[in-house]
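Hi,

Here is the two-chain model I said I would pass on. Have a look at it first, and my notes on what turned up follow below.

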Amino acid sequence: MIKIKVENLNLWYGDFQALKNINLAFEEKQITAIIGPSGCGKSTLLRVFNRMNDLVEGIHMTGEVTINGSNILSKRVDLVTLRKKVGMVFQRPNPFPLSIYENIAFGPKIHNHGKSREIAQIVESSLKSVLLWDDLKDKLQESALQLSLEQKQRLCIARLIAVKPDILLMDEPCSTLDPQATDRIEDLMRELKNNYSIVIVTHNMQQAARISDKTAFLLLGELMEYGETTQVFTNPKNSKTEDYITGRYG
Amino acid sequence: MRKYKEFVIEKLILLCGLASIFFVLLIFLFLLKEGISLFSTITLKRFLFGKNWYPISDPAELEILPLILGSFWVTLGAAIISIPIGVGCAIYIAEVAHPKLKEILKTGIELLAAIPSVVLGFIGMVTLVPWVKEVFNLPTGLTALSGSVMLAFMAMPTIVSIAEDALYSIPKTYKEGSLALGATHWQTIYRVLLPAASSGIVAAVMLGVGRVIGETMAVMMITGNAALLPHSILQPVRTLTATIAAEMGEAVVGSEHYFALFAIGIVLFIISFVINVTADTFLHKKK
């Protein structure tokens, strides 16, 4: 089933066109990777899906992006509802300067998910689903800022899961982590795939090849190639894709 | 040659740095030397907690509780008025205002800081004082409340600019993270940004309050200057600062009265020192 559908999407920052006529469809409960060299618009594309680009002054979009049957570029779309359904993990882990518990409880609290006992349960189940519960269950009241980078990133994913989204956007979630931690976060993503549709932006082509079901290759704001990851990496149709994945530029 | 030049410049800068500390130390020692002589005739306890300030009666009664309470009421009133407005203004400038409006507001706040206190005092005298008299139906409008309102104007620029700085320097990723979880703008401010900036905001408030306690001219003009034990904020009071300013000229050098004014100076020095140190610890607090 198709989860996100992008049709004729164009995006401008002022006069600069960052995305050019993108057409894509992302499948439910799959991992889709968006790859491409710096400045190709991959993070911009990701930030279209939860309208985080709205924070940037002078942005302008045309086309349609359909998530769960409604066009999210429409003016009438409720950003709170959209962002509840479409969560985002950032490049730098950004836990709030609050306790570990309060970080996870943040989402349920702002969306009024029930009483404190229910929130405590959500905190527990969210931490369990990112495999942090056993390590952190005795220090829930301590500051989240003292965790290791990997733990912080897991915490940010747990914070997201607590809001019960169905799409997870990940903007280079491992770029600040060491290889072992990256490996473990990738395991976690494979696990999460059973329940969520994941779109990941990554610099790291090997990472895209390892974890994604489908891969989209962007270059200077244009979609060069989109297909099954194995096909994109072993038998690319576009010569530019081949040049990029073989490291001729980027 | 270049090395020599570097050396001279370095030492000159060091000297400037040391000079500021040295002068503070000298001022404090001078205050201490003059003020401490008072306690040969009056106990510290009586000086701080006695209720009568009659410096020129015979024998002189030099007890400063009315003055401490005067400063306290004026400061408390000013804090209650200026903290919510100041912090609110900082939030508005840092988070809500359009960039153009933001610049205008920041300039406005700086202008407010640039108004000399004597001008504020004099504006308060001709506008606020009659108003307070009429609204509360008092025999005089020269009250602690009038002082509080005027001083709130003086504390506000400090509070706004430091609190705005604190809010502005929060990493943008906190805000993004919160919005991406579906929080509204206000929820983001209230639940993430304010806690993240809390130490800076506390420091802003402390420095604002410090400014109020040290202020002299405006309070002298509009609080009525009655060195009596105040029972409410609607009575005339006299602050520690105003006492020194009003009486230093007429005190005989070397008299008890003269020493008492210096002792008041020490009390003020200690109060502002404690406030500044507290503000500083909050400002440099590492999370």
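Starting with the interface: chain A and chain B bury about 1,800 Å² between them, with 69% of that on carbon and sulfur atoms. Buried area here is the accessible area (1.4 Å probe) that two parts lose on being put together, summed over both. On the chain A side, A:Pro97, A:Phe106 and A:Ile110 lose the most area to chain B, and together they make up 28% of what that side buries. The contact (heavy atoms within 4.5 Å) draws 24 residues from chain A and 18 residues from chain B.

Before you dig in, some housekeeping. This is a predicted model, in which local features need pLDDT of at least 70 and side-chain atom pairs count only at pLDDT 80 or more, while totals for chains, interfaces and linings use all residues. Residues are numbered from 1 along each chain as its sequence is written, chains are lettered from A and ligands numbered from 1 in the order in which they are written, and side-chain values use heavy atoms, leaving out hydrogens and water.

On confidence, the model scores ipTM 0.88 and pTM 0.83. Chain A averages a pLDDT (the predictor's confidence in each residue, from 0 to 100) of 91, with 99% of the residues scoring at least 70. For chain B the mean pLDDT is 91, and 99% of its residues reach 70 or more. By element (helices are DSSP runs of H or I, at least four residues, and strands are runs of E, at least two, numbered from the N terminus), the lowest mean pLDDT in chain A is 87, for helix H10 (residues 239-245), and the highest is 95, for strand E8 (residues 197-201).

Chain B has 11 helices and two strands. From the N terminus on, its elements run α-α-β-β-α-α-α-α-α-α-α-α-α. Its C-alpha atoms fill a box of roughly 75 × 70 × 30 Å, taken along the principal axes.

Now the helix pairs. Axes are lines fitted to C-alpha atoms, for helices over the stretch in contact, and angles run from 0 to 180 degrees between N-to-C directions.

In chain B, H3(B) and helix H4 (residues 99-114) pack at an angle of about 145 degrees, with their axes 9 Å apart. Their crossing is left-handed (the near helix is turned anticlockwise from the far one by less than a right angle; clockwise would be right-handed). B:Cys89, B:Tyr92, B:Ile93 and B:Ala94 in H3(B) meet B:Leu101, B:Lys102, B:Leu105, B:Lys106 and B:Ile109 in H4(B). By class, that contact has seven nonpolar, no polar and two charged residues; Ala, Val, Leu, Ile, Met, Phe, Trp, Tyr, Cys and Pro count as nonpolar, Asp, Glu, Lys and Arg as charged, and the others, Gly among them, as polar.

Further along, the axes of helix H7 (residues 172-180) of chain B and helix H8 (residues 185-214) of chain B come within 10 Å and cross at roughly 145 degrees. This crossing is right-handed. H7(B) contributes B:Tyr174, B:Lys175, B:Ser178 and B:Leu179, and H8(B) contributes B:His185, B:Thr188, B:Val192, B:Leu193 and B:Ala196. Those residues divide into five nonpolar, three polar and one charged.

Cheers
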